[in-house]
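I opened my notebook beside the structure viewer today and jotted things down as I looked them up. Here are the entries, in the order I made them.

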Amino acid sequence: MPKKRKRRVSPKENENPRIVFLKRILWGSLYSLIAFFVILLILAFIVMKAGFSDSMQTMLTLAASLIATFIGAFLSLRKTYEKGLLSGALVSVPALIIMCVVLLIVFGELGVKTIVMALLMMLGGALGGIAAVNK
């Protein structure tokens, strides 16, 4: 009588789905922070050469935060096929917390622009999650 062979299980199959979900959220936050700072670096060079007004610089920063969280959510959630809206919005939370801490250190206070940026980051993350799941 032949012995039953045990099926080899890869380490990824053994992982808890909650831990996998948390890893995706944290990786997405890291991607969005990197994208945000790269976009801001590019915008800084453009603003130096073109000489935009202060209000235009604020709009560019808000657009950069939206685009960066979209990129982060899309890159981290493209292999999942469920909960795109919720997962994408959650991707922006750790990045938002880090940005708020940086803004508090640099400026000493958070204003209305920070609240608008937070809402745009949540929107960008949610849209990125939806786009990643429905690709």
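**Entry 1: α3 and α4**

At what angle do α3 and α4 pack, and how far apart are their axes? I looked this up first, keeping in mind that the model is predicted. I found an angle of about 125° for α3 and α4, with 9 Å between the axes. α3 and α4 are therefore oblique to each other. I noted the crossing of α3 and α4 as right-handed.

Next I listed who meets whom. From α3 come Thr69, Gly72, Ala73, Ser76 and Leu77, and they meet Gly84, Ser87, Gly88, Val91 and Ser92 of α4. Sorted by class, this contact of α3 with α4 holds three nonpolar and seven polar residues, and no charged ones.

**Entry 2: stepping back to the whole chain**

I then wanted the overall plan. The protein chain has five helices and zero strands, and reading along the sequence I get α-α-α-α-α. Of its 135 residues, 30% count as buried. The chain exposes about 9500 Å², and I noted that carbon and sulfur atoms supply 71% of that area.

How much of the contact in this chain links residues 24 or more positions apart? Taking contacts with a separation of 6 or more, I read off 77% for such pairs.

**Entry 3: α2 and α4**

Back to α4, this time with another partner. Helix α2 covers residues 17-50 and helix α4 covers residues 84-107; they pack at about 55°, with axes 8 Å apart. That angle makes α2 oblique to α4. α2 passes α4 in a right-handed crossing.

On the α2 side I wrote down Phe21, Ile25, Leu26, Gly28, Ser29, Ser32, Leu33 and Phe36. On the α4 side the contact is made by Ser87, Leu90, Val91, Pro94, Ala95, Ile98 and Met99. By class, the contact of α2 with α4 has eleven nonpolar and four polar residues, with no charged ones.

**Entry 4: Val91**

Val91 had turned up in my lists for α3 with α4 and for α2 with α4, and I gave it an entry of its own. Is Val91 buried or exposed? Val91, which lies in helix α4, counts as buried because its relative accessibility is 0%.

I checked what Val91 touches, leaving out residues up to four places away in sequence. The list reads Ile25, Gly28, Ser29, Ser32, Gly72, Ala73, Ser76 and Leu77. I also looked up Leu26: Val91 and Leu26 are 65 residues apart in sequence, with 6.9 Å from C-alpha to C-alpha.

**Entry 5: α4 and α5**

One more partner for α4. Helix α5 spans residues 112-133, and it packs with α4 at about 145°, the axes being 7 Å apart. α4 passes α5 in a right-handed crossing.

The α4 residues here are Gly84, Leu85, Gly88, Ala89, Ser92, Val93, Ala95, Leu96, Met99, Cys100 and Leu103. Those of α5 are Thr114, Met117, Ala118, Met121, Met122, Gly125, Ala126, Gly129, Ile130 and Val133. The class count for the contact of α4 with α5 came to 15 nonpolar, six polar and no charged.

Thr114 has its place in helix α5 and counts as buried because its relative accessibility is 11%, with the cut-off set at under 20%. Which residues is Thr114 in contact with, leaving aside its neighbours within four places in sequence? I found Cys100 and Leu103.

**Entry 6: two partly exposed residues**

Phe74 sits in helix α3, residues 54-77. At 26% relative accessibility, Phe74 counts as partly exposed. Setting aside neighbours within four places in sequence, Phe74 is in contact with Gly128, Ala131 and Ala132.

Ile34 counts as partly exposed because its relative accessibility is 48%. Ile34 and Thr69 are 35 residues apart along the chain, and their C-alpha atoms are separated by 9.9 Å.

Key. Residues numbered from 1 in each chain as written. Predicted model: local features only at pLDDT ≥ 70, side-chain atom pairs only at ≥ 80, totals over all residues. Heavy atoms only, no water. Axes fitted to C-alpha atoms, helices over the stretch in contact; angles between N-to-C directions. Helix = DSSP H or I, 4+ residues; strand = E, 2+ residues; numbered from the N terminus. Parallel < 35°, antiparallel > 145°, perpendicular 65-115°, else oblique. Left-handed = near helix turned anticlockwise from the far one by under 90°. Contact = heavy atoms within 4.5 Å. Nonpolar A, V, L, I, M, F, W, Y, C, P; charged D, E, K, R; others polar. Buried < 20%, exposed > 50% of the residue type's maximum accessible area, 1.4 Å probe, protein only. Areas by Shrake-Rupley, 256 points an atom, 1.4 Å probe, with all protein chains shown as cover.
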